[in-house]
Amino acid sequence: VTGVPELVHHGSGGLVVPAGDDGALAAALLRLAADRSLRTRLGEGLRATVSGEFSPDRQLDRMHAVWHGLLSSRR
């Protein structure tokens, strides 16, 4: 899924399984269902990634850099 590799890191913000591997997906879901502390840890890890790497301010800085680069190269 587009965007997932940048956002979800296996073991720190989620559980990543190979595309099309139904067995791996089922195992990951069962693992999450059975382990409350894992769900909590992964949720906290993902929240930290989103607030640090994908905050509105960070995204604005990245967009500004792109536009600045584009405009500078036209001169």
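**Exercise 1. Describe the fold and overall form of the protein chain.**

Read along the sequence, the protein chain shows the pattern α-α-α-α. Its secondary structure comprises four helices and zero strands. Helices (H or I, at least four residues) and strands (E, at least two) are DSSP runs, numbered from the N terminus. This is a predicted model, in which local features need pLDDT of at least 70 and side-chain atom pairs count only at pLDDT 80 or more, while totals for chains, interfaces and linings use all residues. Residues are numbered from 1 along each chain as its sequence is written, and side-chain values use heavy atoms, with hydrogens and water left out.

The next step concerns dimensions. The protein chain has a radius of gyration of 17 Å, whereas a compact globule of 75 residues would have one near 11 Å. This radius is taken over C-alpha atoms, and the globule rule is 2.2 Å times the number of residues to the power 0.38. Along the principal axes, the C-alpha atoms fill a box of roughly 55 × 25 × 10 Å.

Of the 75 residues, 13% are buried (buried means under 20% relative accessible area, exposed over 50%, partly exposed in between, with a 1.4 Å probe and protein chains only). Among contacts with a separation of 6 or more, 46% are between residues 24 or more positions apart; contact means heavy atoms within 4.5 Å.

**Exercise 2. Determine the surroundings of Thr49.**

First, locate the residue: Thr49 lies in helix 3 (residues 36-53). Second, classify it: Thr49 counts as buried because its relative accessibility is 17%. Third, list its partners: leaving aside neighbours within four places in sequence, Thr49 is in contact with Leu7 and Phe54.

**Exercise 3. Identify the salt bridges and state how they are connected.**

The structure holds two salt bridges, each defined as a side-chain nitrogen of Lys or Arg within 4 Å of a carboxyl oxygen of Asp or Glu. One joins the side chains of Glu53 and Arg58 at 3.6 Å, N to O. Another joins the side chains of Glu53 and Arg62 at 3.0 Å, N to O.

The accessibility of each member follows. Glu53 is partly exposed, at 33% relative accessibility. Arg58 is also partly exposed, at 34%, and Arg62 is partly exposed at 32%.

**Exercise 4. Characterise Val17 in its loop.**

Val17 is placed in the loop between helix 1 (4-7) and helix 2 (22-34). Because its relative accessible area is 26%, Val17 is classed as partly exposed. Not counting residues up to four places away in sequence, Val17 touches Ala24, Leu25 and Ala28. Val17 and Leu42 are 25 residues apart along the chain, and their C-alpha atoms are separated by 15 Å.

**Exercise 5. Is Pro56 buried or exposed, and where is it placed?**

Pro56 belongs to helix 4 (residues 56-73). The relative accessibility of Pro56 is 68%, and it therefore counts as exposed. Pro56 and Val4 are 52 residues apart along the chain, with 18 Å between their C-alpha atoms.
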